[in-house]
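Biologist: I am new to this structure. Could you walk me through it, one question at a time?

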Amino acid sequence: MTAQVITVTSGKGGVGKTTAVANLATALAIDGKRVVCIDGDIGLRNLDVVMGLENRIVYDIVDVIEGRCKLKQAMIRDKHFPEMYLIPAAQTRDKNAVSPSDMVRICNDLRADSDFVIIDSPAGIERGFRNAIAAADRVLVVTNPEVSAVRDADRVVGILEAEEKGNPLLILNRLNPTMVKNNDMLSPEDVLDLLGIQLVGIVPEDETVIIGSNRGAPVVNDPKSRAGQAFRNIAKRLQGQDIPFMDLNQQGGLWSAIQRLAGRK
Amino acid sequence: MMNFFKRKSSATSAKERLQLVLVHDRTDLTPAQLESLKDDLLKAISQYIDIDPDAVQIGLERDGRSQRLVADIPLRSPSHHRAG
């Protein structure tokens, strides 16, 4: 077994990176995959609370790097999925406590015993981001249909190109189909045209996401959640399955156009 | 005439503004730098051929993730030149 290392990044903060990581990891675990999540946001850790594991932290990634514990000791087993783990960020250290080569080494150690390693990148394009992409086999860029988020996503895509990190895949998060219909929100076609990268999924704006993070239970566990369904679909696409895009508002024209753009029918 | 009064949709504004911003972000050229590039280019070309500076169009265009500098520089016809 050799894991695929996937980094989730965005440029701008607050677009839903951590939510995406928690949901994709959980969806992959639901599909029976062995998953390790790494919180790459040193000093501002959050993946632990979103996953509901904050009370179980003993060691963190900086403890591993500085030799205070073994890698296995810093891996927190999920409450519901015994094959899913979290390696938390250090809360009281700064981003310079980790280097890109540390991340590469840790990911390589994890590859043998897992199917997916998912790294939650911090916002920005500085050290923490560089650490997060260092080991990535594949990068997912999360954005919202808003000018600031799209602009920052474009910067990140430019850096990934310059670093020859392969073709990043886009997650368009928090799309409001009604606003798109009223021409008051950038459509998926607009965002794809602007960014010029491949789409891996569109996640509709959905209250259940906040309810899920309130409880520390990612929405992919909720069979009725639309956002949960979108994340479950993305997880399947990451496993190489050809899953059609959801019809978010029964608007044939728009959504079939997106599917054409994304090269899936 | 109706279009003149009708306000552009906010999504259209967002897209148009982003198109411009992204081209400048990607090339690391400010609109002012582009203007000065255009002036230098025209000066250089004018040393060899007669052009109409007012008809020149130079701009950055987007094609997927790549940018290109596109210049449309109409030449003044030689006969016109001789006549003058």
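Biologist: What is the order of the strands in the open sheet of chain A?
Modeller: Keep in mind that this is a predicted model. The sheet in chain A is open and has eight strands. Its pairing is mixed. The strand order is 3-4-2-5-1-6-7-8.

Biologist: Which are the edge strands of chain A?
Modeller: An edge strand here pairs on one side only. In chain A, that holds for strand 3 (76-77) and strand 8 (198-204).

Biologist: In what sense do strand 6 and strand 7 of chain A pair?
Modeller: Strand 6 covers residues 138-143 of chain A, and strand 7 covers residues 169-175. Across this pair, Leu140(A) stands opposite Leu169(A). Four bridges join the two strands, and the sense is parallel.

Biologist: What angle does helix 5 of chain A make with strand 1 of chain A?
Modeller: Helix 5 of chain A spans residues 127-134 and packs on the sheet. It touches strand 1, strand 5 and strand 6 of chain A. Its direction makes an angle with that of strand 1 of about 155 degrees.

Biologist: Why is helix 4 of chain A called roughly parallel to helix 5 of chain A?
Modeller: Helix 4 covers residues 100-111 of chain A, and its axis lies 8 Å from that of helix 5 of chain A. The two pack at an angle of about 30 degrees. Angles under 35 degrees count as roughly parallel. So helix 4 of chain A is roughly parallel to helix 5 of chain A.

Biologist: Which residues of helix 5 of chain A meet helix 4 of chain A?
Modeller: The crossing of these two helices of chain A is right-handed. Helix 4 brings Pro100(A), Met103(A) and Val104(A). By class, the contact has four nonpolar, one polar and one charged residues. From helix 5 of chain A come Arg130(A), Asn131(A) and Ala134(A).

Biologist: In what order do the elements of chain B run?
Modeller: Chain B has four helices and two strands. Of its 84 residues, 4% count as buried. From the N terminus on, the order is α-α-α-β-β-α.

Biologist: Which element gives the most to the side of chain A that touches chain B?
Modeller: The contact takes 15 residues from chain A and 15 residues from chain B. On the side of chain A, helix 6 (147-162) and helix 8 (188-195) each give two or more residues. That side has five nonpolar, four polar and six charged residues. With seven residues, the element that gives the most is helix 6 of chain A.

Key. Residues are numbered from 1 along each chain as its sequence is written. Chains are lettered from A and ligands numbered from 1 in the order in which they are written. This is a predicted model: local features need pLDDT of at least 70, side-chain atom pairs count only at pLDDT 80 or more; totals for chains, interfaces and linings use all residues. A residue is buried if 20 or more other C-beta atoms lie within 10 Å of its own, exposed if 12 or fewer, and partly exposed in between; C-beta atoms are placed from the backbone. Two strands pair if DSSP finds at least two bridges between them. Two residues are in contact if their C-beta atoms, placed from the backbone, lie within 7 Å. Axes are lines fitted to C-alpha atoms, for helices over the stretch in contact, and angles run from 0 to 180 degrees between N-to-C directions. Ala, Val, Leu, Ile, Met, Phe, Trp, Tyr, Cys and Pro count as nonpolar, Asp, Glu, Lys and Arg as charged, and the others, Gly among them, as polar. Angles under 35 degrees count as roughly parallel, over 145 as roughly antiparallel, 65 to 115 as roughly perpendicular and the rest as oblique. A crossing is left-handed if the near helix is turned anticlockwise from the far one by less than a right angle, and right-handed if clockwise.
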